[in-house]
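The exercises below are meant to be worked through with the sequence and the coordinates open side by side.

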Amino acid sequence: MSVDLPTVRRIATLARIALPEQEASHLQGEINAILSFVAELDEVDVADVEPMTSVIPARMRLRPDTVTDGEIADDIVTNAPATEDHYFVVPKVIE
Amino acid sequence: MANTGSDRLLRGATGDWEVVVGMEIHAQVTSRSKLFSGASTEFGAEPNSHVSLVDAAMPGMLPVLNEACVAQAVRTGLGLKARINKRSSFDRKNYFYPDLPQGYQISQYKSPIVGEGEVTVDLTPTEQFRVGIERLHLEQDAGKSLHDQSPTASFVDLNRSGVALMEIVSRPDIRSADEAKAYVTKLRMILRYLGTCDGDMEKGSLRADVNVSVRRPGEPLGTRCEIKNVNSIRFIGQAVEVEARRQIAILEDGGAIDQETRLFDPSRGETRSMRSKEEAHDYRYFPDPDLLPLEFDDAFVETLAAALPELPDAKKSRFVTQYGLTPYDASVLVAERELADYFEAAVAVEPAGRDAKLVANWITGDVAAFANASGRGVADTHITPGQVAELVDLIAEGTISGKIAKDVLALVIREERNSKPREIVERRGLRQVTDTGAIEAAVDTIMATNPDKVAQAQAKPTMLGWFVGQVMKSTGGKANPQAVNDILRVKLGL
Amino acid sequence: MTDDPTRLTLAEARDALAARSLSSLDLTNAYLAAIETARPLNGFLKQTPELARAMAGKADQKLARGEGGPLEGIPLGIKDLYCTKGVTTTAGSRILENFVPTYESTVSSQLWRDGAVMLGKLNLDEFAMGSSNETSAFGPVVSPWRKPGSNASLVPGGSSGGSAAAVAARLCLGATATDTGGSIRQPAAFTGTVGIKPTYGRCSRYGIVAFASSLDQAGPIARNVRDAAILMTSMAGYDPKDATSVDLPVPRYEAAVGASVRGKIIGIPKEYRIAGMPAEIEALWHQGIEWLRDAGARIVDVSLPHTKYALPAYYIVAPAEASSNLARYDGVRYGLRVPGRDIGDMYGQTRAAGFGAEVRRRVMIGTYVLSAGYYDAYYVRAQKVRTLIKQDFETVYASGVDALLTPATPSAAFAIGEKENDPVSMYLNDVFTVTVNMAGLPGIAVPGGLSDDKLPLGLQLIGRPFEEETLFSLAAAIEQAAPKMELPEPWWAA
Ligand SMILES: [Mg+2]
Ligand SMILES: [Zn+2]
């Protein structure tokens, strides 16, 4: 499989990475090189094979339901590019 | 049980239409801490205070699953008579939104914790229909964006980010606005019984995504629209109604329905397209590699099942068989678990054996009226089950009449909040007069002073009521009405 | 002992500190001075001299009281993928250029708990995506190794290139690193150092900036096997904050160094004999086999039939997870923000400017392979292939094999810029290491000798899950047998 330019642009939109027009075709070439590299997998017979869900056979440990965290609003917003009264501020979102 | 009358069809200009509704309910799981972090779930905190580094998706932060949320989901599944999946897994639903810090929501897409189940919904106390449950899964709530604080900016608060939700997906088994409301009412009741969701729709603890389509009766399903995040039962009914009308109008005009996400605007009573959600979404679900599959054994499920409370349907039918209640009274009482418990407590007050129907009548009647007027549930008023029981006993043993009982209750409500009704009756001399001598004397006096009425009554026996009233008046309402009747009949020769 | 304390190994320094023949402050100052002279290598992104001296001072006090921990007073470098409280953590990316965590990664906190001293943060490929350290937003790391008679700058390998270079150039006694597809073992092999990627789940990932969650593991790079074992004991352990970490006791790995390997069964996987493998790599491998045989191990030929699919499967799974893990870098809560017309444009501009070419490429690939219509063909298939790869190892281990011996890399270090424009040929660097990540197994790279160009070459040992001790014993046997790897003299300080 290989990707065409509109697909490259669609992926960039999905990934929220602005893609200048002049870069799109260059990226298309690179993506297609990688896709042809991974195309080798098509020759593997994977019928009746379970996809891996966890690489170790451990059972997941759960947390007790206790409040042990939070109340650190200063820490939460300290690295933010824009804040007001402990809110994160972003360009207005139209619903 | 199926209810397929033509009353459920909507009349259009060109004929009848059937509405088909399915719902995705997001119910906030009752838990102290969040689904994957130790931050508090408490409502109404300062912005970004109930937020951990995990909830804010700081680099390198990892989710750790809350065991109580798992138990709540299983309990809910059991309450919905659903299949419990002993192995389930968490997936990431990827999309960008400022109140979604990770850039993905952790949800259960492929293998939910709960599979197919069923809810029996009461349309009226005697009319039921079934709604199939497709699945229930656990997922994270998003944060909250405030859009109306500034013309140029939105403000993001992550307090809700990561709070556990159960998404309960129904089959498209609902056929009208009333059924939609009844379904949510019933589901909410079950969740509240289980204690797995407080059902507080004002606080957003329960929200519905309502999928509506219309079709000609017998035709295949039409194109549906999803009305997002409807947050009251009344609005759910209105949304179904107006959306169905909108779709019918389009179809009858020869148009076609676009499958889209819409928003219900209660102030305008209409739904409108959510254009921001319209760009084609591709959520790129895949198993969350930060979490292993969730596995538990039969013993875990059995322990939870054994501790499950009696649910509304079972309670209602028990109330009918055990206490001889009407289905109506039983359904009123089981609407809230606390009310049902209150009723049973009143019935059980020693000495046992009182008429449960009378107890039910008092609770659903005068006690409920007082509770409603003061904006509370019956169980939250100061009136105790013991006071109700004693009132019923006083009537049953003939100590007071039903009318006096109302007066006694009024005293309990206002002046004598902590008194026993029996003490009030004694102290205030409200005991019913059953002494026939005293009643006969009163009857004689009245007959003697009203000879014209005596003559009238003898000609027209319906006048008896007037005499009864006079006797009751002269005895301060304490005379036993049956005795008064009997004596009057004899003396008037009726 | 020599006058220059940076010539000591970690174990030697530890013993000198405990014997109080050396102070941590002197040792730390010596390293701080060495780091100053090594700026041309660009190994450190951030030096923390004040913090280092303060920690060293405290360590000396503890040592004086005889209360020193296992790493008391030992100066280390921390890969800048580990979040360090109050110290900028960039992950080698513009998008986190000014990010100062308010928290500490579990693994680094365990090192501080045990008394280690932080010298600073080490350069790396951006978000650990690379095999040469050339993708760092802050410039490539220059290897301390050069071909004799050449001034050409070589790569130290990646992504833990800063860690490997700093250890090889004696800028720290050891360093933390991470390995997603070979990022510990490949740079260790390129720089004549020892690096171990432990079993998936052995070390906590909490606080380490995620690249590909199901593959990432923390581990140390050190000057010899013993030093690596000492660091490993402090770094490993169950962490309730990482649901994928495993609750097993942590052995004192140092005890395994020097233990007999007599009777151990070593598998030689024939599929690692790839077409076009340089003769010197082939020779090194044979040499390694001879050394282990001489040490009493039994050598058997084994087959891992799906080996050649590991790299292509990796280049689906890793970018897929990365595309989702990196969604949180959106300019809302931390990191770079580039203003845009609206929120969507802000995301796009921020991520385009904040991510370098390799990261953008991988995020794009990952987004594509997860997108609707391609998910099954790419992601699911790759995860199925992964199951087969793991089964290959399980079959071999079930036959009694204790560990596998392979070359660590298909070549010695190459020149900076040499493979810049060919991502796929760059990816081939990981051809021997990536299978280990795909199967979650432990793997160690240990120096085996020099190439024809007098550059280090490494051997890799692959172990059974959680049997890192076996790897330390075998690696120590190779280290014992191999010609001593003399680290380069500091030409950069001239
Ligand atoms: Mg939904
Ligand atoms: Zn949902």
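**Exercise 1. The largest cavity**

How many residues line the largest cavity, and which of them lie nearest its centre?

*Solution.* Bear in mind from the outset that this is a predicted model. The lining of the largest cavity is made up of 16 residues, and those nearest its centre are Thr53(A), Ser54(A), Pro289(B), Ser214(C) and Glu321(C). Turning to secondary structure, helix α12 (residues 376–398) of chain C supplies the largest share of that lining, namely three residues. By class, the lining of the largest cavity holds eight nonpolar, five polar and three charged residues, and the space inside the largest cavity amounts to about 150 Å³.

**Exercise 2. The second largest cavity**

Find the volume of the second largest cavity and describe its lining.

*Solution.* The volume of the second largest cavity is about 90 Å³. Its lining comprises 13 residues, with Asp55(B), Gln102(B), Gln140(B), Ser161(B) and Gly162(B) the closest to its centre. Sorted by class, the lining of the second largest cavity contains six nonpolar, four polar and three charged residues.

**Exercise 3. The zinc site**

Which residues are the protein donors of the zinc ion (ligand 2)?

*Solution.* Begin with the donor atoms: His26(B) contributes NE2, while Glu139(B) and Glu167(B) each contribute OE, at 1.9 to 2.1 Å from the zinc ion (ligand 2). Read along the chain, these donors follow the spacing H-x112-E-x27-E. Finally, the magnesium ion (ligand 1) is 4.4 Å from the zinc ion (ligand 2).

**Exercise 4. A helix and its cover**

Check the length of helix α9 (residues 385–396) of chain B against expectation, and state what covers its buried residues.

*Solution.* At 1.5 Å a residue, the 12 residues of α9(B) should span 16 Å, and this agrees with the end C-alpha atoms, which are 16 Å apart. The buried residues of α9(B) include Val388(B), Leu391(B), Val392(B) and Leu394(B), and Glu390(B) and Asp393(B) are buried as well. Among the elements of chain B that cover them are α7 (337–348), α8 (356–373), α10 (402–414) and α11 (421–427). Just after α9(B), Gly398(B) adopts a positive phi of about 85°.

**Exercise 5. Backbone exceptions**

Are Arg284(B) and Arg170(C) buried or exposed?

*Solution.* Recall first that most residues other than glycine have a negative phi, and most peptide bonds are trans. Arg284(B), although not a glycine, has a positive phi of about 45°, and its place is in the loop between β14 (270–273) and β15 (286–287) of chain B. Because its relative accessibility is 6%, Arg284(B) counts as buried. Arg170(C), also not a glycine, has a positive phi of about 60° and lies in the loop between α5 and β4 (174–179) of chain C; at 8% relative accessibility, Arg170(C) counts as buried. As for peptide bonds, the one from Glu350(B) to Pro351(B) is cis, with omega near -5°, and Pro351(B) sits in the loop between α7 and α8 of chain B. The bond from Gly158(C) to Ser159(C) is cis, with omega near 0°, and Ser159(C) is in the loop between β3 (117–122) and α5 (161–168) of chain C.

Conventions:
Residues numbered from 1 in each chain as written. Chains lettered and ligands numbered in written order. Predicted model: local features only at pLDDT ≥ 70, side-chain atom pairs only at ≥ 80, totals over all residues. Heavy atoms only, no water. Helix = DSSP H or I, 4+ residues; strand = E, 2+ residues; numbered from the N terminus. Expected span 1.5 Å × (residues − 1). Buried < 20%, exposed > 50% of the residue type's maximum accessible area, 1.4 Å probe, protein only. Contact = heavy atoms within 4.5 Å. 1 Å grid on protein atoms, 1.4 Å probe; cavity = no way out; pocket = protein on both sides within 12 Å on 5 of 7 lines; lining within 4 Å. Points joined across faces, edges and corners; volume = space filled by probe spheres on them. Nonpolar A, V, L, I, M, F, W, Y, C, P; charged D, E, K, R; others polar. Donors = N, O, S within 2.8 Å, 3.2 Å for Na, K, Ca; no water.
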